[in-house]
Amino acid sequence: MILLQLFLLSIGLVINASTPNSCSNCGDSVVPYPLSTNENCGDKRYKVYCNDEELEFISATGTYYKILRIDSSANKLVIRPSLILKNTCYSSDLLMGGLLLDESLPFNISTHNTVLLFNCTSNILQSPLNCTSNSICRQFEKNVEEGSGCRNTLCCHYLKDSAMNSHKIRVKIGSCTSYTCLVGFTPDDPLETWNYGIELQWLPPN
């Protein structure tokens with residue numbers, strides 16, 4: 001009997017040792033492994049933050065972005081784009097240079113993101129972006145209150161493909177001063193179905 005108990009105990013220890021240590025929920029948000037909200041759970045390389053029961057991701061510049069959803073089976077999460085300040089055409093993270101990820105961490109910006117840039121200088125026309133009157137940025141500035149301060153500025157959109165830097169969405173004075181982003185956008189999508197967010201993916205733990 002004692003031998004059986006010892007055997008069952010050893011099996012339990014092996015199972016516990018191999019089971020990932022997931023963190024507790026943050027408000028209503030589940031925090032799946034390997035994401036980590038503190039030193040005692042998850043993998044500390046996959047750090048996220050639980051602030052006032054809201055799960056947030058922090059950029060390389062120390063800017064917090066609300067996590068909208070997580071798909072742990074696909075190693076992806078979606079964060080809310082920086083807001084465009086009311087009655088302006090400036091993103092709230094403009095002074096930080098936009099969204100910048102720490103390249104030493106296992107996160108990058110996926111290729112499922114369509115970025116809309118606003119209040120750009122004419123230098124942007126040298127880039128292979130869609131800055132025509134048919135660009136979807138025109139729909140955003142015309143029909144979405146958040147974009148109303150950007151009306152009649154030079155705006156563009158582009159799909160963030162694998163040939164581009166996968167760790168930043170850059171905005172700055174003298175270039176483009178604001179942005180938003182859509183996940184999984186296709187050209188036929190009507191405005192009311194646009195899925196706002198920035199999809200990040202992570203490399204699985206070794």
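Cys181 has a relative accessible area of 0% and is buried (under 20% relative accessible area; exposed means over 50%, and partly exposed lies in between, with a 1.4 Å probe and protein chains only). The model is predicted: local features need pLDDT of at least 70, side-chain atom pairs count only at pLDDT 80 or more, and totals for chains, interfaces and linings use all residues. Residues are numbered from 1 along each chain as its sequence is written, and side-chain values use heavy atoms, with hydrogens and water left out.

A search of the whole structure returned six disulfides (pairs of cysteine sulfur atoms within 2.5 Å). Such a link is a covalent bond between the sulfur atoms of two cysteines. With bonded cysteines counted along the chain, the pattern is 1-3, 2-4, 5-9, 6-12, 7-11, 8-10. Three of these links are described below.

Cys23 and Cys41 form a disulfide with their sulfur atoms 1.9 Å apart. The torsion about this S-S bond is about 95°, so the disulfide of Cys23 and Cys41 is right-handed. The pair links distant parts of the chain, 18 residues apart. Both Cys23 and Cys41 sit in the loop between helix H1 (2-18) and strand E1 (49-51). Here helices (H or I, at least four residues) and strands (E, at least two) are DSSP runs, numbered from the N terminus. Cys23 counts as buried at 8% relative accessibility. Cys41 is buried too, at 7%.

A disulfide also joins Cys120 to Cys176, with an S to S distance of 2.1 Å. Its torsion is about 110°, so the link of Cys120 and Cys176 is right-handed. Cys120 lies in the loop between strand E7 (113-118) and helix H2 (136-143), and Cys176 in the loop between strand E9 (168-170) and strand E10 (178-183). The pair therefore ties together parts that are 56 residues apart in sequence. Cys120 is buried at 9% relative accessibility, and Cys176 is buried at 2%.

Cys131 is joined to Cys156, S to S 1.9 Å. With 100° about the S-S bond, the link of Cys131 and Cys156 is right-handed. Cys131 belongs to the loop between E7 and H2, whereas Cys156 is in strand E8 (residues 156-159). These distant parts of the chain are 25 residues apart. Cys131 counts as buried at 15% relative accessibility. Cys156 is buried at 0%.

An unreviewed UniProt entry lists residues 23-79 as "domain: Wall-associated receptor kinase galacturonan-binding". UniProt positions follow the numbering used here, feature names are shortened, and annotations may be inferred rather than shown by experiment. In the model, the span 23-79 is 0% helix and 35% strand. The end C-alpha atoms of residues 23-79 lie 19 Å apart.

Ile173 is found in the loop between E9 and E10. Ile173 counts as exposed, at 59% relative accessibility.
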